[in-house]
Amino acid sequence: MDFLAQLIRRLLAQTPWFQKVLKVILIITATVAAIPQFLDMAGLTTLIPGSVMDIVSKIVVVSALVGAFVAQLAVSDEGK
C-alpha cells in the first residue's frame, strides 16, 4: 500500500527541470514515431512494408512513453 501512495505522490509532485525537458522530448518522440502508423492507416505509404513500419513505430512509441513516465517519477527535494 505504501508503494501505491509513494507512486501517486511522485506522479503529482514537482519534477526537476531536466526531467521536465526529458519528458517533453520523449513525448514529442512518441508523437513523431506514431506518424508513420497514421500514414499507413490512411494508405499514404507504399514504399515501406507495413509490418516493418508497425513494429518500429510501436517500439519507439512504447519506449518513449515509458521514458516519459519514468522521468515524471523523479522528484525534486521540495516535492518529497
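Biologist: Which helices each supply at least two residues of the nonpolar patch?

Modeller: Helix H1 (2–12) and helix H3 (50–73) do. Keep in mind that this is a predicted model.

Biologist: Okay, and which residues make the patch?

Modeller: Ile 8, Leu 11, Leu 12, Val 62, Val 66, Phe 69 and Val 70 make a nonpolar surface patch of about 660 Å². H3 gives the largest share, 4 residues. Val 70, for one, sits in helix H3.

Biologist: Changing topic: how many aromatic pairs are there?

Modeller: The count comes to 1 aromatic pair. The partners are Trp 17 and Phe 18, with ring centres 6.3 Å apart and planes at 85°.

Biologist: Why is that pair edge-to-face?

Modeller: Because the planes are at 85°, and edge-to-face takes an angle over 60 degrees.

Biologist: Is Trp 17 buried or exposed?

Modeller: Trp 17 is exposed, with 66% relative accessibility. Phe 18 is partly exposed, because its relative accessible area is 46% and the cut-off for exposed is over 50%.

Biologist: Zooming out, what's in the chain overall?

Modeller: It has 3 helices and 0 strands, running α-α-α from the N terminus. Of its 80 residues, 22% count as buried.

Biologist: Last one: what share of the contacts with a separation of 6 or more joins residues 24 or more positions apart?

Modeller: That share is 80%.

Terms used
Residues numbered from 1 in each chain as written. Predicted model: local features only at pLDDT ≥ 70, side-chain atom pairs only at ≥ 80, totals over all residues. Heavy atoms only, no water. Patch = residues over 30% accessible without salt bridge, like charges linked within 9 Å, V, L, I, M, F, W, Y side chains within 5 Å. Areas by Shrake-Rupley, 256 points an atom, 1.4 Å probe, with all protein chains shown as cover. Salt bridge = Lys/Arg side-chain N within 4 Å of Asp/Glu carboxyl O. Phe/Tyr/Trp six-rings, centres within 6.5 Å; stacked < 30°, edge-to-face > 60°. Buried < 20%, exposed > 50% of the residue type's maximum accessible area, 1.4 Å probe, protein only. Contact = heavy atoms within 4.5 Å.
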